[in-house]
Amino acid sequence: MNQNFNQGEAFPDAVATRYWHGLDDGRVQCDLCPRFCKLHEGQRGLCFVRANYQGQVVLTSWGRSSAFVIDPIEKKPLNHFLPGTPVLSFGTAGCNLACKFCQNWDISKSRQMDSLMDLATPEMLADKARQLGCRSIAFTYNDPVIFHEYAIDVAQACRQQGIKTVAVTAGYVTAEPRREFYSWMDAANVDLKAFSERFYKKITGSHLQPVLETLEYLKHETDVWFELTTLLIPGENDSEDEVTEMCQWVVSHLGNDVPMHFSVFHPDWKMMDKASTPTQTVRRARDIALAQGIRYAYVGNMHDRQADSTWCHHCGSLLIGRDWYQLSAWQLDDNGHCLSCGTPCAGVFESLPGQWGAKRVVVDMRAD
């Protein structure tokens, strides 16, 4: 559902966007994501941050964030991208999906622009990441697709300073903006929410196929490192048949080196009536993934040192030990190969792991 804003509402930080076109009836259509919101003057799209203002689609949240936090990169989750390093994380407001189980609903479902912090320019963010020793910046908490222009501007500023950029996303984006967006990203965690159109339509208000197209694009047409996350919701997307079908698709379309994370659901937002996922369900999903040929499968939102750790798919040796977000072992050589048998481990590794650990640090962008 599109949303009206007050005709007197000002957008001092709004920026023009490119992915839209005018319609014969006077409306404009946003072409950024497969929703194709059709907007009268004075309307916002479902994402809330893109609006028809003076006959064009503008981004109203450029430069503004709902939070700035340093996290371990494993919290995104990315287990094969610069392990142990700190990542400066932030999001804005709004989302282009309508997930009933959203765990960041206070941010992604926000309809209050004044909940966002003061202006943070791309240069400020890149400078702050460098000053704080962060190897990367993550666009997270809500989907960076909807603040496409801002994310790209930040990524460009980061690239000038040697800072990597990470997109935590549902992958719900159309082809042309997808190409531009990922040309500036170094890594992504894509939320593959289920493997049925029924789930996507009923629970998220979107469709599965565009997400699969994004995944195939990432694998076959980019050098972006990416991993997959699926939140298993009892009775909705947790059947062994569905998990098996998903893993078979991943192996056949993306290959067996793409890490998969299966996470415990906790009641939230509009799904408070659902019970939390039994831990055995998540462990079983991981077992299915491994049995189907996925080389790297993990659990999330639960403590399991074995299932959180990375193991050599050839000889079975422990490569990266993890206790929650704390690295406990490192058995990779300078080239990311197993020290026991020399088999390469897929990912983006440096000669030594980071030492950030499990710390979470809130950052004040206004502080020197």
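Predicted model: local features only at pLDDT ≥ 70, side-chain atom pairs only at ≥ 80, totals over all residues.
User: Which residues touch the most other members in the largest nonpolar core?

Analyst: A nonpolar core joins buried residues through side-chain atoms within 4.5 Å. In this structure the largest such core has 81 residues, and Leu 125, Ile 137, Leu 228 and Phe 262 touch the most other members. Helix α3, residues 148–160, gives the most to this core, with seven residues.

User: What is Ile 137 in contact with, leaving aside its neighbours within four places in sequence?

Analyst: The contacts of Ile 137 include Val 87, Leu 88 and Phe 90, then Leu 125, Ala 126 and Ala 129. Val 154, Cys 158, Ile 163, Lys 164, Thr 165 and Val 166 are also among them. There is a second, separate core of 22 residues, and Val 166 is one of its members, as are Ala 138, Leu 319 and Leu 327.

User: How should I read the packing of helix α4 and helix α6, and at what angle do their axes cross?

Analyst: Angles under 35 degrees count as roughly parallel and 65 to 115 as roughly perpendicular. Here the axes of α4 (residues 175–182) and α6 (residues 209–221) come within 11 Å and cross at roughly 40°. The pair is therefore oblique. The crossing of α4 past α6 is right-handed.

User: Which residues in α4 and α6 meet?

Analyst: From α4 come Arg 178, Arg 179 and Tyr 182; from α6 come Pro 210, Glu 213, Thr 214, Tyr 217 and Leu 218. Sorted by class, this contact has four nonpolar, one polar and three charged residues.

User: Where is the cis peptide bond?

Analyst: Most peptide bonds are trans, and most residues other than glycine have a negative phi. In this model the bond from Lys 76 to Pro 77 is cis, with omega near -10°. Pro 77 sits in the loop that links β9 (67–72) and β10 (86–91).

User: Where does Tyr 141 lie, and is Tyr 141 buried or exposed?

Analyst: Tyr 141 is not a glycine, yet has a positive phi of about 75°. Its place is the loop between β11 (136–139) and α3. Buried means under 20% relative accessible area, so Tyr 141, at 16%, counts as buried.

User: What is the relative accessible area of Trp 324?

Analyst: The value for Trp 324 is 42%, and that residue is partly exposed. Trp 324 is not a glycine either, and has a positive phi of about 55°. The loop between β18 (318–323) and β19 (326–330) holds Trp 324.

Technical notes:
Residues numbered from 1 in each chain as written. Heavy atoms only, no water. Buried < 20%, exposed > 50% of the residue type's maximum accessible area, 1.4 Å probe, protein only. Helix = DSSP H or I, 4+ residues; strand = E, 2+ residues; numbered from the N terminus. Contact = heavy atoms within 4.5 Å. Axes fitted to C-alpha atoms, helices over the stretch in contact; angles between N-to-C directions. Parallel < 35°, antiparallel > 145°, perpendicular 65-115°, else oblique. Left-handed = near helix turned anticlockwise from the far one by under 90°. Nonpolar A, V, L, I, M, F, W, Y, C, P; charged D, E, K, R; others polar.
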